[in-house]
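Let's take a walk through this structure, one region at a time. Have the sequence and the 3D view open as you read.

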Amino acid sequence: MSGHDVMSADQIVLDDAEAIARQAADFLLEQALAAKDVFRVALSGGSTPKRLYALMADPDYAARFPWGRVQFFFGDDRFVPADSPDSNRGMVQSILFSRVPAPADAVFPMPDQGDPDAAAWAYEASLKTVYGAEALEAGRPLFDVVFLGLGENGHTASLFPRQPVLEERTRWVAPCVPDDAPHTRLTLTYPAIASSRFVLFLVTGASKAEVYARVRAGDPAEPASHITSEGRIEWLVDAAAAGEVVS
Ligand SMILES: O=C(O)[C@H](O)[C@@H](O)[C@H](O)[C@H](O)COP(=O)(O)O
């Protein structure tokens with residue numbers, strides 16, 4: 001990856017959210033094409049990813065993307081019906097999957113019915129099923145790419161400050177009930193996100209500048225500071241979030 005201002009090996013600063021979404025789309029295409037086998041992606045909610053999904057639905061992009069061997073999972077979702085405007089599942093379905101030839105059985109939305117704890121276990125079970133016992137035993141990373149965002153309160157995926165899910169070390173998926181945001185959520189846990197070859201954070205807007213600086217400094221109070229990966233973690237950040245003055 002390259003940017004106009006590569007300030008450190010794991011951070012790429014681009015002009016704006018549009019440039020971030022384009023870079024992320026190019027990166028995903030390149031990675032998916034290079035993979036020889038099934039390629040697994042964990043999608044994120046949020047405004048910048050929304051633009052990424054729109055770019056992926058563009059006919060030129062979609063014609064080049066190897067839909068037949070990519071599996072799509074969700075890093076988190078609100079426990080609301082898919083037709084709710086707050087549903088990541090519904091957002092990605094309408095912007096991306098309704099417009100591209102992704103096989104229906106290659107998309108794994110988080111369940112949104114019944115009891116959230118049981119739904120979290122059910123999602124974990126489906127991850128383990130598609131992942132395969134062999135891969136589990138060999139300890140291979142679950143995800144090829146995990147997209148993450150950064151909330152102003154330091155959350156990422158639905159790993160919210162002060163919530164018990166931050167202590168979860170064995171479950172792959174767990175519920176989270178934030179005290180400062182609506183809806184119960186389901187989220188991948190730290191160990192599930194760590195089971196990845198590449199974590200790509202997309203962070204845009206001046207409102208993220210302060211929290212981004214704290215996370216980059218490793219402030220332990222911010223949930224995003226504790227994300228790890230068996231592979232690489234890279235930050236795609238716009239100039240405003242990086243605290244750069246745009247001339
Ligand atoms: O579904 C969501 O919204 C994600 O759970 C959340 O973690 C998001 O990535 C951050 O809140 C950043 O969101 P923005 O990219 O919209 O700022």
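Start with the shell around the ligand: by class, two of its residues are nonpolar, 11 are polar and one is charged. Here Ala, Val, Leu, Ile, Met, Phe, Trp, Tyr, Cys and Pro count as nonpolar, Asp, Glu, Lys and Arg as charged, and the others, Gly among them, as polar. Of the 14 residues around the ligand, G45, G46, S47, G149 and G151 come nearest; a residue is near a molecule if its C-beta atom, placed from the backbone, lies within 6 Å of it.

Before going further, a word on what you're looking at. This is a predicted model, in which local features need pLDDT of at least 70 and side-chain atom pairs count only at pLDDT 80 or more, while totals for chains, interfaces and linings use all residues. Residues are numbered from 1 along each chain as its sequence is written.

**A pair of helices**

Helices (H or I, at least four residues) and strands (E, at least two) are DSSP runs, numbered from the N terminus. How do helix α2 and helix α4 cross? The axes of α2 (residues 47-56) and α4 (residues 88-97) come within 8 Å and cross at roughly 30°. Axes are lines fitted to C-alpha atoms, for helices over the stretch in contact, and angles run from 0 to 180 degrees between N-to-C directions. α2 and α4 are therefore roughly parallel to each other, as angles under 35 degrees count as roughly parallel, over 145 as roughly antiparallel, 65 to 115 as roughly perpendicular and the rest as oblique. On the α2 side, the contact is made by K50, Y53, A54 and M56, and on the α4 side by M91, V92, I95 and L96. Two residues are in contact if their C-beta atoms, placed from the backbone, lie within 7 Å. By class, this contact has seven nonpolar residues, no polar ones and one charged one.

α2 is mostly covered, with seven of its 10 residues buried. A residue is buried if 20 or more other C-beta atoms lie within 10 Å of its own, exposed if 12 or fewer, and partly exposed in between, with C-beta atoms placed from the backbone. The buried ones are T48, P49, R51, L52, Y53, L55 and M56. They pack against α1 (17-34), β3 (39-43), α3 (59-64), α4, β6 (145-148) and β9 (198-203).

Why is β3 described as largely enclosed by the rest of the structure? Because five of its five residues are buried. Both faces are covered: F39, V41 and L43 are buried on one side, and R40 and A42 on the other.

Now for the strand pairings; two strands pair if DSSP finds at least two bridges between them. Here are some of them, with one facing pair of residues for each.

| Strands | Direction | Bridges | Facing residues |
|---|---|---|---|
| β2 and β10 | parallel | four bridges | L14 and D238 |
| β9 and β10 | parallel | six bridges | L202 and L236 |

F74 is found in strand β4 (residues 70-74). This residue is buried, with 24 other C-beta atoms within 10 Å. Leaving aside its neighbours within four places in sequence, F74 is in contact with A42, L43, N88, R89, P109 and M110. The C-alpha atoms of F74 and V146 are separated by 8.8 Å, though the two are 72 residues apart along the chain.

**A three-stranded sheet**

An open sheet of three strands has the order β5-β8-β7, with antiparallel pairing. Its edge strands, β5 (76-78) and β7 (173-176), each pair on one side only. From one strand to the next, the twist averages 20°. Four bridges join β7 to β8 (residues 185-188), and P175 stands opposite L186 in β8. Helix α5 (residues 116-131) packs on this sheet, touching β7 and β8, and its direction makes about 155° with that of β7.

Most residues other than glycine have a negative phi, and most peptide bonds are trans. R162 has a positive phi of about 70° although it is not a glycine, and sits in the loop between β6 and β7. R162 is exposed, with 11 other C-beta atoms within 10 Å. H183 has a positive phi of about 75°, and is not a glycine either. H183 lies in the loop between β7 and β8 and is partly exposed, with 15 other C-beta atoms within 10 Å.
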